[in-house]
Amino acid sequence: MIAGQATAKYVRTSAQKAGLVLDLIRGGDVNQALAALQFSRKKIARDIEKVLRSAIANAQQKPGFSGDVERLYVSACYADQGPSQKRVRPAPMGRAYRVVKRTAHLTVAVAERPAKAAAPVKAATDAAAPAPRARKSAKTGGTTAAKKK
């Protein structure tokens with residue numbers, strides 16, 4: 001199974017905001033993930049799209065890759081918290097507010113789905129198996145108004 005991974009470090013967003021967008025693409029096909037990122041209204045989606053395209057290119061460069069990008073899927077994607085920049089903003093009456101400018105490290109990993117094997121042919125013994133029994137109805141007669149009396 002061929003896999004590729006890409007990481008973008010020190011992206012100027014919080015890991016929590018990036019995680020919301022990464023949840024959209026986790027486990028899906030790469031084409032569906034690219035479409036979801038392209039039409040997402042979040043600003044971080046553009047950076048995640050770049051990382052995803054890089055991970056796809058890394059997987060294509062591996063020896064043994066089948067050449068079919070359609071078989072790739074997002075096997076893992078996560079955002080780790082990076083270093084935060086601390087800044088000071090002036091506030092009324094001589095005070096100061098601290099502003100924390102957060103960064104994140106984005107990681108996207110793609111892998112190739114295994115080729116689907118041919119469906120097994122049913123044996124004659126499977127065709128002679130008995131049919132499942134019918135279930136009894138959940139209602140056993142009478143209405144709720146009749147039971148109250």
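A nonpolar core is a set of buried Ala, Val, Leu, Ile, Met, Phe, Trp, Tyr and Cys residues joined through side-chain atoms within 4.5 Å. In this predicted model, the largest such core holds 29 residues. Helix H3 gives the most to this core. H3 also lies across the strands E1, E2 and E5.

**Nonpolar core**
- Ile48, Leu52 and Leu106 touch the most other members of the 29-residue core.
- Two or more residues come from each of E1, helix H1 (15-25), helix H2 (30-38), H3, E2 and E5.
- The share of H3 is eight residues.

**Contacts of Leu52**
- Residues up to four places away in sequence are not counted here.
- Leu52 then touches Val30, Ala33, Leu34 and Leu37, among others.
- Its list of contacts also includes Val74, Val108 and Val110.

**Sheet**
- The sheet is open and has three strands, in the order E1-E5-E2.
- Its pairing is antiparallel.
- Strand E1 (3-11) and strand E2 (72-81) each have a single partner strand, so one side of each is left without a neighbour in the sheet.
- Neighbouring strands are turned by 15° against each other on average, direction ignored.

**Pairing of E2 with E5**
- Strand E5 covers residues 104-112 and pairs with E2 over nine bridges.
- The sense of this pairing is antiparallel.
- Tyr73 has Ala111 in E5 as its bridge partner.

**Helix on the sheet**
- H3 spans residues 44-60.
- H3 runs at about 145° to E1.

Methods: Residues numbered from 1 in each chain as written. Predicted model: local features only at pLDDT ≥ 70, side-chain atom pairs only at ≥ 80, totals over all residues. Heavy atoms only, no water. Pairing = 2+ DSSP bridges. Helix = DSSP H or I, 4+ residues; strand = E, 2+ residues; numbered from the N terminus. Axes fitted to C-alpha atoms, helices over the stretch in contact; angles between N-to-C directions. Contact = heavy atoms within 4.5 Å. Buried < 20%, exposed > 50% of the residue type's maximum accessible area, 1.4 Å probe, protein only.
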